[in-house]
Amino acid sequence: MNTNHIITGAEAILLALLKEKTDTVFGYPGGAIMPIYDKLFNRRHQLKHILVRHEQGAAHAAQAYAQVTGKTGVCFATSGPGATNLITGITNANLDSIPVVFITAQVASAFLGTDAFQETDMISLSMPVTKWNFQVTSADEIPDAIAKAFYFANTGRPGPVLLDITKDAQIGQTTFNYKRIKSIRSYNPHPALNDADTKKALSMISASKKPILFAGHGVLLAKATRQLEAFINKTGMPVAVTLLGKSAIDEDSPYYTGMLGMHGNYGPNVLTNEADLIIAAGMRFDDRVTGNLEKYATKAQIIHVDIDKAELNKNVKAHLPICADIKDFLEKMTPMISYKTDEAWLQKFHELNHIEKEKVIDRECSPHEGKIRAGEIVQLLSEKTRGNAIIVTDVGQNQMMGARYYHYKIPNSLITSGGLGTMGFGLPAAMGAQVGQPNRTVVLLSGDGGFQMTMQELGTIFQYNLPVKMIILNNNFLGMVRQWQQLFNDKRYAETQMPTPDFPMLAKAFGIESKLVEERTQLDTAINNMLHHQGPYLLEIKIEKEANVFPMIYPGKAVDEIVLEDAVL
């Protein structure tokens, strides 16, 4: 490709994306971004464009695409409302540390600051929720700006970046000469692992009797799942995962003890306050994980390894904070370590989780009467896909059920909104995941409330015939909010009961096969038919209206005060 020639800024944008090996863009055209789309018309054989039905959908789809491919997501939007519609998706990607390059168009430079038609100050608006942003006002700035955008998005702790490109920069001319960036002064995205830190970590591990490793999203972002497995297999150390750390370890591992947090598993939550050593690997001690900080990890020394220095000692003070890539840490530690965990300590996790199985899981996943339960649907789905599907969830009870009862075996197989908890994330994220992994089964788990927030993206699924399998767990409630109203507001269900449309009929309006399931006897056949269908499929399942997600750590309580069933407050 001859890149040393005079072209428009719009053409330079597309050439720069190709230089960064971009193959897919999610977006929606408009007035200010028309020059880019005009040049895209002749490059459709090189850059696939997915036309969404709302810009928020483009943002969520680009994030999920990045998560399942390991590439950088790319998203286009026009100025004004097109750009502002991205903000929720940008914030979501920022809190979950996903590399996405957002390219928004802007009015011509001469009109900046005049309140021109569809002008919005996207730099100020996006600054708190991006890793880096920049306004391009000249075609000559485009190659360097895009090179920096990809470099910032992908290095260190990943995250979203935004380029706001004025219309005159798009139609202006420039001599295109693209150079990928390898370093930027004063920015150190890969801090070196200190020998003194590893020596002290080895000493702390050797002295421990009751260690546990917490695996967070950073393990997946660092592509360190094999290194984690090697470390765990050598040490026999119990490992628990955060919500976004799900699929960082094969759940068939004998050392896997479950999920941390408010609706996590009984064993790792209770024993957090009995452990004498916690290795926090690429996780940020979110409040949903720690519960009451004053009563958290009361007996443990803490080794916290994170590539982002700002996360160290932010929520929980570590005895050994290590600013490093978790892959580097595990690769260096594993050959040096000779420690082996006492099997009796690991057995305590399994004993407590067995109590949870008897009191919660069996009731949720193996009911013989009453309405269908969400847990039995997810467990059946897990069995039929053998843990090999990509599960995308919306937010709420469906999210917790998808995390708790699907048996994950392959890294990056749970795509969900963690830090922001974005209802409406699920459907557009599922289509982004399917675009990124066309040969894998992608299943959406959504509640009836979240689905209605972005259900216009059924049009995108229809247009591109994306074989996403959509399961709507319909209880005619905003389920998680209702659960809190039941537990903490004396069942005052204020504005959480929600009549829903005929979802199967809605799907059929988009040419998508669908089915409604109301009886348990229909469930097995319905899931089989959905999974074996060649194209997209929507399965609405009527579930128990007032079922709750347990275990649960009540607000203000310690992690070891987790309850297995409704308790009197």
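Q: How much area do domain 1 and domain 2 bury between them?
A: About 630 Å², with 58% of it on carbon and sulfur atoms. Keep in mind that this is a predicted model.

Q: Which residue does D308 pair with?
A: R157 is its salt-bridge partner, and the closest N and O atoms are 2.8 Å apart.

Q: How many salt bridges turn up in the whole structure?
A: The search finds 20. One of them links K71 and D23, with 2.6 Å between the closest N and O atoms.

Q: Where do K71 and D23 sit?
A: K71 is in the loop between α3 and β4 (73–77), while D23 is in the loop between α1 (9–19) and β2 (24–27).

Q: What about D252, who does its side chain meet?
A: K409, in a salt bridge of 2.5 Å from N to O. D252 lies in the loop between β10 (239–241) and β11, and K409 in the loop between α17 (397–405) and β16, so this pair ties together parts that are 157 residues apart in sequence.

Q: How accessible are D252 and K409?
A: D252 has 47% relative accessibility and counts as partly exposed. K409 is partly exposed as well, with a relative accessible area of 29%.

Q: What does R284 bridge to?
A: D286, with the closest N and O atoms 3.5 Å apart. R284 counts as partly exposed, at 23% relative accessibility.

Q: New topic, sheets. In what order do the strands run in the one with β11?
A: The order is β11-β10-β9-β12-β13-β14, six strands in an open sheet with parallel pairing. β11 and β14 (320–323) are the edge strands, each pairing on one side only. From one strand to the next the twist averages 15°.

Q: How many bridges join β13 to β14?
A: Four, with β13 (residues 301–306) running parallel to β14. In that pair, I303 stands opposite L320.

Q: And the sheet with β15, what's its strand order?
A: β16-β15-β17-β18-β20-β19, another open sheet of six strands with parallel pairing. β16 (414–415) and β19 (513–517) are at the edges, and each has a single partner strand, so one side of each has no neighbour in the sheet.

Q: Which helix packs on it?
A: Helix α23 (residues 520–532), touching β17, β18 (469–474), β19 and β20 (537–542). The direction of α23 makes about 165° with that of β20.

Q: What stands opposite V392?
A: L444, in β17. Four bridges join β15 (residues 390–393) to β17 (residues 442–447), and those two strands run parallel.

Q: What does N265 touch?
A: Leaving out residues up to four places away in sequence, T257, G258, M259, N353, E356, R404 and I562.

Q: Last one, which residues of α5 are buried?
A: In α5 (residues 87–95), I87, G89, I90, T91, N92 and A93. The buried residues of α5 pack against α3 (55–69), α4 (81–84), β5 (100–106), α6 (122–126) and β7 (161–166). Just after the helix, S97 takes a positive phi of about 60°.

Conventions: Residues numbered from 1 in each chain as written. Predicted model: local features only at pLDDT ≥ 70, side-chain atom pairs only at ≥ 80, totals over all residues. Heavy atoms only, no water. Contact = heavy atoms within 4.5 Å. Buried < 20%, exposed > 50% of the residue type's maximum accessible area, 1.4 Å probe, protein only. Pairing = 2+ DSSP bridges. Axes fitted to C-alpha atoms, helices over the stretch in contact; angles between N-to-C directions. Buried area = accessible area lost by both parts, 1.4 Å probe. Salt bridge = Lys/Arg side-chain N within 4 Å of Asp/Glu carboxyl O.
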